[in-house]
Amino acid sequence: MADLISLSGIKRHYDVGGEVVRALDGVDLTIQQNEYISIMGPSGSGKSTLMNMIGCLDTPTEGVYEFEGELVHEMDDNQLASIRNRKIGFVFQTFNLLPKATALRNVEVPLIYANISRAERIERAKKALIAVGLEERMHHKPNELSGGQRQRVAIARALVNDPSIILADEPTGNLDSKSGVEIMKILDKLHNNGNTIILVTHEEYIADHAERTINLFDGKIKDDIRSSKRKVGS
């Protein structure tokens with residue numbers, strides 16, 4: 001199977017007050033289609049920088065990044081925006097929903113940027129909301145939804161463009177434990193249906209849902225562990 005994502009010798013250095021901070025310091029990583037991966041590490045380990053790199057929100061100081069054969073490290077801002085819209089579904093800890101828009105409208109947003117017709121946008125947004133169990137809440141605004149329901153809207157928005165990967169950054173971080181369990185069940189189901197999931201978390205019980213865990217320390221991969229046990233929720 002061809003690699004979906006390939007990172008080779010990835011470095012990301014920042015100049016902070018004249019001092020070089022090596023946020024990523026030589027990362028080699030390959031990700032194949034339908035993998036379920038968690039990225040873990042202490043504060044300052046580089047996991048947020050790696051997430052931004054994989055999500056095409058940042059570009060490396062050095063190294064090669066290929067995404068489905070496209071050379072991401074050579075792209076300009078417009079090309080990066082295009083690959084984010086076409087190939088990556090983002091789920092953030094803080095939901096990032098438009099407060100005055102309905103759930104349906106929020107899920108439509110990536111399709112607007114993709115120049116999809118209104119009729120098709122509505123059809124695809126409804127399908128995505130049904131997939132996360134929100135068929136009865138399509139016309140509710142975020143302030144009329146619980147935290148768990150808002151995160152479901154965010155997951156539906158991530159799904160609506162049929163992305164190559166779903167990149168979830170601390171997806172249960174702002175939720176109570178019961179809502180968090182429900183969100184992880186949805187992500188498990190999406191993986192079982194063929195989606196590639198990359199999960200950034202500091203919680204081991206969340207990381208246990210994944211079949212492979214990348215542990216970072218000081219900008220390097222410390223461990224790359226494939227789980228031999230049956231995946232949680234499957």
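The exercises below work through the sheets and salt bridges of a predicted model.

**Exercise 1.** State the strand order of the sheet with 6 strands, and find its edge strands.

*Solution.* Step one: the order of this open sheet is E6-E7-E8-E3-E9-E10, and its pairing is mixed. Step two: an edge strand pairs on one side only, which applies to strand E6 (88-91) and strand E10 (220-226). Step three: from one strand to the next, the twist averages 20°.

**Exercise 2.** Describe how E6 is joined to strand E7, and name the helices that pack on these strands.

*Solution.* Step one: E6 and strand E7 (residues 165-169) run parallel and are joined by 4 bridges. Step two: opposite Val 91 stands Ala 168 in E7. Step three: helix H1 (residues 47-54) packs on the sheet, and the strands it touches are E3, E6, E7, E8 and E9. The direction of H1 makes about 140° with that of E3. Step four: helix H5 (residues 147-159) lies across E6 and E7, at about 170° to E6.

**Exercise 3.** Is Glu 108 buried or exposed, and with which residue does Glu 108 form a salt bridge?

*Solution.* Step one: the relative accessibility of Glu 108 is 3%. Buried means under 20%, so this residue counts as buried. Step two: the salt-bridge partner is Arg 121, with the closest N and O atoms 3.0 Å apart. Step three: Glu 108 is in helix H3 (residues 103-113) and Arg 121 in helix H4 (residues 118-131), 13 residues apart. Step four: Arg 121, at 12% relative accessibility, also counts as buried.

**Exercise 4.** Which elements does the salt bridge between Arg 212 and Asp 224 tie together, and which residues make up the network around the pair?

*Solution.* Step one: the side chains of Arg 212 and Asp 224 meet at 2.7 Å, N to O. Step two: Arg 212 lies in strand E9 and Asp 224 in strand E10, so parts 12 residues apart in sequence are tied together. Step three: Arg 212 counts as buried at 4% relative accessibility, whereas Asp 224 counts as partly exposed at 38%. Step four: through shared partners, salt bridges join Glu 35, Arg 212, Asp 224 and Arg 226 into one network.

Conventions:
Residues are numbered from 1 along each chain as its sequence is written. This is a predicted model: local features need pLDDT of at least 70, side-chain atom pairs count only at pLDDT 80 or more; totals for chains, interfaces and linings use all residues. Side-chain values use heavy atoms; hydrogens and water are left out. Two strands pair if DSSP finds at least two bridges between them. Helices (H or I, at least four residues) and strands (E, at least two) are DSSP runs, numbered from the N terminus. Axes are lines fitted to C-alpha atoms, for helices over the stretch in contact, and angles run from 0 to 180 degrees between N-to-C directions. Contact means heavy atoms within 4.5 Å. A salt bridge is a side-chain nitrogen of Lys or Arg within 4 Å of a carboxyl oxygen of Asp or Glu. Buried means under 20% relative accessible area, exposed over 50%, partly exposed in between (1.4 Å probe, protein chains only).
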